[in-house]
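Good morning, and thank you for coming. Please look at the sequence and the structure now.

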Amino acid sequence: MRLYIAEKPSMAAEIAKCLPGPVSRKDGYISTGGGIITWGYGHILRQAEPDEYDPKYGKWRAEDLPIIPQSWKLLVADSCKKQFEIIKNLIDQASEIVHAGDPDREGQLLIDEVLDYVNNQKPVRRILLNALDEQSIKKAITSLRDNQDFYNLKQSALARSRADWLIGMNLSRAYTLAAQQAGHRTTLPVGRVKTPTLALVVRREREIEGFKQADYFTLKADFSQHDTVFTAYWKPRENQPGLDTEGRLADKAIAQALLETLQAATEPAAVILCETTEKKEPQRLPLALSTLQVMAGKRFSYDPQLVLDTAQKLYEKKLTTYPRSDCEFLPESQHDDARAILHNLSGLAHTELAGWSGKAEPVTKSRAWNDKKITAHHAIIPTVERCNFATLSESERNIYFLIAQAYIAQFYPVHVYDQTRAELDYAGERFTANGRIIKELGWKELYGAEADEKKEEDGGALPAMTKGDQPLFVKASADKKSTKAPGRFTAATLLAAMKEIHKYVKNPDLKKQLKDVAGIGTEATRATIIKELTERGFLREETKKKYLKPTEPAYLLVDILPEEITYPDFTALWEDILHQMAAGNASLDTFLGQQARFASSLCTKAKGAAIPLKGEHHCPRCRKGVLQLKNGKHGKFWGCSRYPACRASFDDKNDKPALPPVKEQGQG
């Protein structure tokens with residue numbers, strides 16, 4: 001008997017539809033002529049809590065830290081006990097098992113851990129379901145792989161899960177206890193990914209609070225060549241006085257003097273360089289989840305969780321492929337589906353998508369089709385299923401639009417333009433002019449101005465000119481501008497920051513190394529982390545634009561933690577190691593040994609952390625804690641928050657501690 005184990009019931013139902021009959025639904029599984037399909041509910045097994053390793057860990061105590069399991073323990077989740085028994089019994093009866101978890105790191109682990117837990121010795125195959133339409137599922141059933149091919153992916157998921165446990169369980173206890181000893185009645189959850197993410201928002205808010213606006217000037221001059229006027233921008237020479245730290249001209253008097261010099265000059269300008277280069281911009285790649293979340297945030301103000309939930313609904317409706325993808329490329333074999341998908345899109349009740357699809361060329365093959373870039377999943381694209389646009393909700397229509405738009409763009413030509421750059425010398429000053437002439441609009445027809453991120457100095461067409469020409473000076477001007485404070489994060493821009501984490505690392509030597517790392521967190525977890533920080537009161541959304549602002553507990557948490565956990569440097573490197581592990585180039589045991597040592601060192605740091613005292617009455621004995629009102633056997637009394645390290649106690653007098661009088665100098 002072949003047994004399919006799906007990640008969830010909806011996936012099992014779709015597989016069952018594509019197997020031969022007769023099909024009959026049973027308690028906890030579906031029977032078909034092509035095998036039995038059962039399912040989990042995500043993780044059926046959960047990591048044991050510290051007190052399930054040893055009851056003494058039920059009470060949080062600094063002296064018990066760090067807690068490092070010698071042998072990792074999984075337990076059946078209470079809500080899944082019945083289904084687990086059904087799966088276990090079916091495994092016993094099976095001759096072959098098909099692992100049908102989602103095609104990602106976590107999906108690999110949650111079925112593998114069940115098979116390992118029951119000590120399965122039966123052969124296991126792997127089905128990769130990137131889409132749930134009938135054609136894709138039937139193709140996947142005939143293309144099963146050996147589950148052992150994905151052993152390294154499982155190791156990577158195990159490493160992530162156990163590292164998160166080590167950091168979360170130990171540091172949350174260590175720094176919560178340290179904060180409570182300083183009088184803070186709070187719990188501080190520390191996470192390998194969530195803490196540096198929270199710190200990004202805290203640091204951005206402090207940048208905004210400390211921002212001081214400064215003025216600067218942009219100098220430009222108009223020149224005339226062949227009766228065509230064009231604008232060139234002044235470039236400061238080396239050691240130019242009056243520049244700020246960013247190289248901008250900040251001195252008004254110098255700007256005015258330069259203007260006067262330019263206006264007074266009588267000699268003609270001289271073209272000292274002029275070059276035209278044909279440039280090509282390849283098609284924007286199809287969408288990974290994070291790209292989709294950022295685009296939907298900018299265009300529709302959707303938060304990342306809504307985008308993921310909506311993409312999941314479209315996937316379950318068989319209209320788009322697997323949503324939790326970190327890949328922006330497509331398998332070369334799927335190019336054969338292009339004609340059918342574009343034909344369906346051309347019939348949509350959506351003017352733009354239908355029009356674009358009708359003009360697309362199915363034979364065009366963009367750089368997106370690349371088997372070498374594909375892992376367990378590929379970019380999110382429409383399936384061959386025909387979409388009835390009218391039946392979709394507004395958010396589903398908008399997300400489907402973005403996915404389809406990016407797919408259609410693959411069948412338009414590359415964008416081609418001529419880029420001209422000229423340098424001019426006038427009155428002893430250097431000016432540059434840039435211009436472009438579009439030769440082939442190509443895929444940018446679908447995106448318009450949204451796809452162009454031109455700088456102010458990248459103008460339109462320039463007149464024909466060559467080195468040695470002498471354009472006529474027309475006029476010069478200086479535009480006064482002001483520096484702007486950095487913008488607050490929204491959920492979408494914070495998610496983009498998590499993906500492009502190399503921009504925020506502290507160690508400059510790591511920036512280049514981390515540029516190719518896939519950021520911190522995963523496509524599936526980033527939105528959840530941001531949502532959790534908001535729900536737990538560390539971030540709050542403000543104004544219609546939903547800016548994220550940190551709360552008081554957020555400042556406390558980021559301030560008392562060492563930089564090793566609040567800056568993303570180490571976490572991003574860990575993510576890199578996890579990717580290496582998935583490729584078979586890193587060891588699980590070595591990685592977890594590093595994490596255990598890291599957790600241990602930070603627990604030690606927690607004991608000496610400098611934490612501001614919170615409370616009206618500071619302990620007069622240790623001066624490191626605050627007095628808190630407690631109930632004892634004999635009634636109320638005031639005790640030090642650092643008990644048992646400090647055993648100071650005082651009677652209660654009208655809801656205040658009865659402190660001994662302070663001795664004046666000279667009194668014995």
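Let me begin with a definition: axes are lines fitted to C-alpha atoms, for helices over the stretch in contact, and angles run from 0 to 180 degrees between N-to-C directions. Helices (H or I, at least four residues) and strands (E, at least two) are DSSP runs, numbered from the N terminus. The model is predicted, so local features need pLDDT of at least 70 and side-chain atom pairs count only at pLDDT 80 or more, while totals for chains, interfaces and linings use all residues. Residues are numbered from 1 along each chain as its sequence is written, and side-chain values use heavy atoms, with hydrogens and water left out.

Two packed helices are described by the angle between their axes and the distance between the axes. Helix α7, residues 194-209, packs against helix α16, residues 526-535, at an angle of about 65 degrees, and their axes are 10 Å apart. That makes α7 roughly perpendicular to α16, a term that covers angles of 65 to 115 degrees.

Which residues make the contact? Contact means heavy atoms within 4.5 Å. From α7 come Lys194, Thr197 and Leu198, and from α16 come Ile529, Glu532 and Leu533.

I turn next to burial. A residue is buried when its relative accessible area is under 20% (1.4 Å probe, protein chains only). In the protein chain, 50% of the 668 residues are buried. Helix α13, residues 394-408, has 13 of its 15 residues buried, so it is largely enclosed by the rest of the structure. The 15 residues of α13, at 1.5 Å a residue, should span 21 Å, and its end C-alpha atoms are 21 Å apart, which agrees. The expected span is 1.5 Å times one less than the number of residues.

Now consider Pro550, in strand β18, residues 547-550. Is Pro550 buried or exposed? Its relative accessibility is 5%, so Pro550 counts as buried. Leaving aside neighbours within four places in sequence, Pro550 is in contact with residues including Val201, Val202 and Glu205.

Gln155 lies in helix α6, residues 151-181. At 12% relative accessibility, Gln155 also counts as buried. Not counting residues up to four places away in sequence, Gln155 touches Met581 and Leu588.

Finally, the whole chain. The protein chain has 20 helices and 21 strands, and its C-alpha trace spans about 100 × 95 × 45 Å along its principal axes.

Notes
Angles under 35 degrees count as roughly parallel, over 145 as roughly antiparallel, 65 to 115 as roughly perpendicular and the rest as oblique.
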